[in-house]
Amino acid sequence: MNTADTRGSARDGFEAADEETLHDTFTVEDGTDADEGSRRDTGGDRSGAWDVPDQGEMELADRHALRRVQGLSTELTDITEVEYRSLRLERVVLIGVWTNGTQTDADNSLVELAALSETAGALVLEGLTQRRSKPDPATYVGKGKAAELRDIVEATGADTVICDGELTPGQLRQLEDVVKVKVVDRTALILDIFAQHARSSEGKAQVELAQLSYLLPRLRGWGDSLSRQAGGSGGGGAGGGVGLRGPGETKIETDRRRINDKMAKLRRQLAHMRTARDVKRDVRRTREVPSVAIAGYTNAGKSSLLNRLTGAGVLVENALFATLDPTVRQARTPDGRGFTLSDTVGFVRHLPHQLVEAFRSTLEEVADADLILHVIDGSHPDPESQITAVREVFADIDATEVPELIVVNKVDAADHDVLKALRTRHPGMVEVSARTGEGIPALITALAEALPELAHEVRVRVPYSRGDLVAKMHEEGRVLAEEHTAEGTELHAFVSRMLAGKLEDYALSTA
């Protein structure tokens with residue numbers, strides 16, 4: 001595993017280094033350095049050892065193997081085809097209510113809804129918007145627009161309508177009565193994408209909890225007339241006996257009880273998983289290892305940036321919410337300071353509150369970080385709206401006080417006017433391209449400058465018999481100077497509080 005050279009003026013040497021030296025500066029936990037990841041990303045020589053796919057490539061292949069195919073139907077013409085049929089893409093029509101902002105804002109929101117629909121495995125046929133002061137309380141859109149929507153559904157042969165907003169149970173039911181096909185709102189669509197992409201046990205439990213929270217108020221039953229328990233007859237006839245007389249438990253009541261029981265079980269499971277996550281976080285805090293969280297809008301290129309910096313090999317796909325499970329890698333700055341770099345779930349406008357609550361233990365990685373790399377999609381026509389949406393989520397998870405470094409990704413595909421406007425509003429931002437490597441050295445320099453400095457400065461002479469302490473100073477601290485003398489190794493360094501206590505017996509002077 002490569003290690004960072006912490007002797008002398010490492011920063012000056014780093015700034016003048018070529019790309020190969022740049023990648024050698026960063027180290028990851030599992031021994032895969034960033035140079036390997038960059039060769040995979042840039043399509044370098046893949047002969048021999050390079051033919052072995054990384055974890056992200058294998059996960060992407062598995063995901064694409066389950067893709068639904070356009071034009072293939074689920075309808076069976078012969079029962080013998082049951083094992084060989086392919087799933088047909090759902091054909092959907094989009095509908096949105098435009099309550100504020102400009103027409104461009106409404107169009108961008110519908111384009112994002114189309115991207116979400118395609119990520120979920122749907123074929124978008126048509127999209128409509130309606131200008132209203134607020135959504136209709138009965139059918140989300142007005143009566144005339146609902147009738148127009150029904151005609152479009154019939155003309156296009158669509159089987160689903162997706163609404164760009166969260167519908168109440170009443171709106172959902174009444175709009176379905178008008179259009180005569182399934183109606184899905186934005187929240188259910190995002191939850192469906194999360195359910196497809198969750199891989200870890202914690203991620204699956206978080207998604208299931210969010211789905212059940214969304215489903216609970218939207219349950220539909222047959223009413224109070226159907227009892228699930230035997231009702232007793234008042235005249236002494238056969239019945240349920242003492243305590244069971246009456247209408248009994250209806251189907252919808254049984255469903256609610258089972259959902260509540262399942263949600264309680266999931267919360268207990270997530271509490272145990274959260275304990276394990278907290279233990280790991282406490283170990284890093286004890287060692288005073290700074291943590292950097294990569295956060296930002298979905299599909300801004302967070303995972304690509306993590307791969308470029310550390311060679312983590314996580315899944316990368318041009319799709320919304322491609323990766324959900326957080327990935328943490330250990331890295332080292334050019335001047336020798338260790339820190340952790342974590343990739344988090346992407347954010348989106350109107351992120352369902354059920355997801356925020358279910359993923360709160362994961363999102364706490366952002367709130368507890370020492371620095372947030374706020375990644376922005378420079379190729380998006382309206383990045384400012386994405387910044388606003390992400391900062392709203394930061395406020396929900398109490399992360400507004402964490403220092404923030406704005407990183408504009410995909411500058412190789414960005415519009416120059418958009419970049420110029422971003423530079424004016426955010427003068428300290430860093431412009432990079434995770435695909436080409438442009439701007440990565442400047443990003444690493446800015447990251448190193450923004451990280452908190454280790455609090456304890458020490459000057460020690462460590463005897464040669466305690467080489468373990470010297471190694472730990474290089475591993476966990478930042479060594480400014482090192483000299484070998486007859487009595488031992490003299491070092492001037494910044495170290496953690498715990499390590500400073502172990503070095504007290506060898507101190508020459510302490511600043």
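Which order do the strands of the open sheet have, and is the pairing parallel or antiparallel? I looked this up and found four strands in the order E2-E1-E3-E4, with parallel pairing.

**Entry: ground rules**

I am working on a predicted model, where local features need pLDDT of at least 70, side-chain atom pairs count only at pLDDT 80 or more, and totals for chains, interfaces and linings use all residues. I number residues from 1 along each chain as its sequence is written, and side-chain values use heavy atoms, with hydrogens and water left out.

**Entry: the whole chain**

I noted 18 helices and 14 strands in the chain. Helices (H or I, at least four residues) and strands (E, at least two) are DSSP runs, numbered from the N terminus. Of the 511 residues, 47% count as buried. Buried means under 20% relative accessible area, exposed over 50%, and partly exposed in between (1.4 Å probe, protein chains only). I also looked up contacts (heavy atoms within 4.5 Å). Residues 24 or more positions apart account for 69% of the contacts with a separation of 6 or more.

**Entry: the open sheet**

I went back to the sheet. Two strands pair if DSSP finds at least two bridges between them. E2 and E4 (182-185) stand at the edges with a single partner strand each, so one side of each is left without a neighbour in the sheet. Neighbouring strands are turned by 25° against each other on average, direction ignored. E3 and E4 run parallel and are joined by four bridges. I picked out Ile162, whose bridge partner in E4 is Val184.

Two helices lie across E3 and E4. H7 (residues 169-179) runs at about 140° to E4. H8 runs at about 80° to E4. For these angles, axes are lines fitted to C-alpha atoms, for helices over the stretch in contact, and angles run from 0 to 180 degrees between N-to-C directions.

**Entry: helix H5**

I checked the length of H5 (residues 103-120). Its 18 residues should span 26 Å at 1.5 Å a residue, and its end C-alpha atoms are 26 Å apart, which agrees. The expected span is 1.5 Å times one less than the number of residues. Buried residues of H5 include Leu110, Leu113 and Leu116. What do the buried residues of H5 pack against? I found strands E1 (90-98), E2 (122-131) and E3 (160-163), and helix H8 (186-197). Gly121 follows H5, and its phi is positive, near 100°.

**Entry: helix H9**

I repeated the check on H9 (residues 201-215). Its 15 residues should span 21 Å at 1.5 Å a residue, and its end C-alpha atoms are 21 Å apart, which agrees. Among the buried residues of H9 are Val207, Leu209 and Tyr214.

**Entry: rings**

How many aromatic pairs does the structure hold? I found one. The ring centres of Phe347 and Phe394 are 6.0 Å apart and the planes are at 85°, so the pair is edge-to-face. Rings of Phe, Tyr and Trp (its six-membered ring) pair if their centres lie within 6.5 Å; planes under 30 degrees apart count as stacked, over 60 as edge-to-face and the rest as tilted. Phe347 is in the loop between strand E7 (338-343) and helix H12 (353-358), while Phe394 is in helix H14 (residues 383-396), 47 residues apart. Phe347 counts as buried at 0% relative accessibility, and Phe394 counts as buried at 4%.

I also noted Arg131, whose charged end sits over the ring of Trp98, 4.5 Å from its centre. The test is that NZ of Lys or CZ of Arg is within 6 Å of the ring centre and within 35 degrees of the ring normal.
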